[in-house]
Amino acid sequence: MEKHCKTPTDKAMPEYQVLPKGMWHMLGAVMLMVFSLPIVLMLLSALVSGLLSERALVYLEMALLVVMVLFLATPTFLLSRGWSVCHRVLCWQNLFYVLLLATATCTLFLLGSTGMAFTGLAGVIMAVLAGMLYRSERYGSVVEYYRLIWSQHRSNSKR
Amino acid sequence: MEARPLPFQNSFAQKQLKARLAYTLNQEKLFTAIDRDPALVGAGVVFIDERGTSVTLRDFEYICLSKPVRIVLRELPSRISAIDYISEVKNTPRESRFVSEAVGAAVSCGAAVIGWFVVLTSSAAIPFSGGGSTVFSIMAYGAATASSLQCGNSLMRTRNEMTAPYMNDELDNEEWYQNATLALDVISLGGASASGLMTVRGIKLLRSQGITTRRALEGLSRQERRRLSREIARSNASGISNQTLKIMERAGKIERRFSNAAIKKATMRQIKDSIGATLSFTGSATSGVLGTLAVAVVSEE
């Protein structure tokens with residue numbers, strides 16, 4: 001975390017890269033998370049289907065999907081605008097979904113809902129892959145690249 | 001056959017279909033012909049195009065019939081013959097909708113991938129272009145978020161189509177859902193239009209300097225890059241004088257000469273953005289001419 005505390009102009013402006021090193025990791029991670037979110041909702045709705053009516057369940061799914069996508073999209077966008085602190089938010093969010101998916105998958109498996117458990121397993125795999133991308137060195141380098149160019153840009157704009 | 005409310009795949013496609021039918025189908029003549037048959041007086045009329053988008057042309061009216069009767073006009077997909085299609089409609093009426101939901105999910109998720117690609121690449125370009133494309137970048141964020149939502153929604157609809165198709169029907173009949181999907185379409189299209197505008201602006205800038213896209217990708221001379229950099233600065237601040245331009249260049253506020261690599265990459269980005277825009281449009285809009293129709297009469301027992 002030491003590098004995040006440095007002043008914005010501590011390093012020279014890096015060269016322009018339209019596809020910065022690690023950008024594919026960032027894209028891969030966000031898309032794997034986008035695919036995981038509906039699976040989280042499917043598992044949750046399978047678990048609580050006995051408690052709520054189908055109509056209420058559909059509304060709940062839609063509302064949760066909007067919230068979850070916004071919670072994923074906004075930090076990802078801010079990260080690409082140099083807000084490196086969002087990296088940690090995304091890592092924690094990913095960990096939360098991995099745990100949620102794993103718990104839901106195990107529960108459904110124990111309840112005998114094998115089909116949904118396999119869907120959950122696919123979700124766990126995708127979320128774990130996204131987590132690996134979030135924590136990869138290349139992802140860190142692209143976060144640092146965005147931080148540098150945006151901090152330079154902001155400090156230039158203030159002058 | 002069990003009568004159930006017919007689905008609206010999405011309201012944008014539905015409006016497109018209504019507009020198409022307004023000039024391709026003589027609805028008054030059709031309704032008159034239906035009402036001539038005593039068994040069909042006041043029957044509701046529903047049209048389903050080859051992609052599964054459906055619109056209600058006329059609601060059922062309780063004139064002579066006590067139980068609702070609907071006439072379903074269904075466009076034939078080009079891949080199968082009329083006879084095969086009729087048996088398909090009779091036996092597996094929802095199968096084609098599963099496929100169309102899955103295809104819709106693939107297109108929405110493809111648009112989301114490209115939407116995020118545009119967000120990440122444009123964010124990398126803004127600090128170097130002096131913030132000229134900030135508004136477009138925020139629109140791209142909106143489009144990427146909307147496409148991600150559509151992707152998630154389509155995946156859930158595909159699941160519904162397998163496990164509980166009536167849930168999709170219920171959603172499709174909700175006005176708020178139709179409005180929400182329309183809003184998402186508009187946001188996606190807004191992002192796509194912004195990408196398109198950026199591409200057009202980039203091409204116009206290159207053309208104003210007599211440079212083709214291919215030459216921009218191959219590499220430009222020092223003078224050409226200098227002229228192009230000035231043109232970009234002028235485009236970002238219209239009405240700027242040469243004097244101010246020179247002062248800003250000296251102060252380092254604007255780029256004196258973009259590198260060949262930067263121009264090549266920006267051109268490549270614009271090409272990719274335009275592909276993203278095309279995908280978003282494909283995901284949202286529908287087109288085509290009126291093809292062969294399958295007609296079904298659906299009534300409640």
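1. Of the 159 residues that make up chain A, 42% count as buried, where a residue is called buried if 20 or more other C-beta atoms lie within 10 Å of its own, exposed if 12 or fewer, and partly exposed in between, with C-beta atoms placed from the backbone. This is a predicted model, in which local features need pLDDT of at least 70 and side-chain atom pairs count only at pLDDT 80 or more, while totals for chains, interfaces and linings use all residues. Residues are numbered from 1 along each chain as its sequence is written, and chains are lettered from A and ligands numbered from 1 in the order in which they are written.

2. Chain A holds six helices and zero strands, and from the N terminus on its elements read α-α-α-α-α-α; helices (H or I, at least four residues) and strands (E, at least two) are taken as DSSP runs, numbered from the N terminus. Of the contacts in chain A with a separation of 6 or more, 78% are between residues 24 or more positions apart, a contact being two residues whose C-beta atoms, placed from the backbone, lie within 7 Å.

3. Helix α2(A) has 26 residues and spans 38 Å from its first C-alpha to its last, close to the 38 Å expected at 1.5 Å a residue, the expected span being 1.5 Å times one less than the number of residues. Because 20 of its 26 residues are buried, α2(A) is largely enclosed by the rest of the structure.

4. Where the two chains meet, 32 residues of chain A are in contact with 32 residues of chain B. On the side of chain A that touches chain B, α2 (23-48), α3 (54-80) and α6 (137-158) each supply at least two residues, and the largest share, 11 residues, comes from α3(A). By class, this side of chain A has 24 nonpolar, four polar and four charged residues; Ala, Val, Leu, Ile, Met, Phe, Trp, Tyr, Cys and Pro count as nonpolar, Asp, Glu, Lys and Arg as charged, and the others, Gly among them, as polar.

5. Chain B has 11 helices and four strands, and buried residues make up 39% of its 301 residues. Among its contacts between residues at least 6 apart in sequence, 77% join residues at least 24 apart.

6. Within chain B, strand β1 (residues 44-48) runs parallel to β3(B) and is joined to it by five bridges, two strands being paired if DSSP finds at least two bridges between them. B:G44 has B:R70 as its bridge partner in β3(B). Strand β3 (residues 69-75) of chain B is mostly covered, with six of its seven residues buried.
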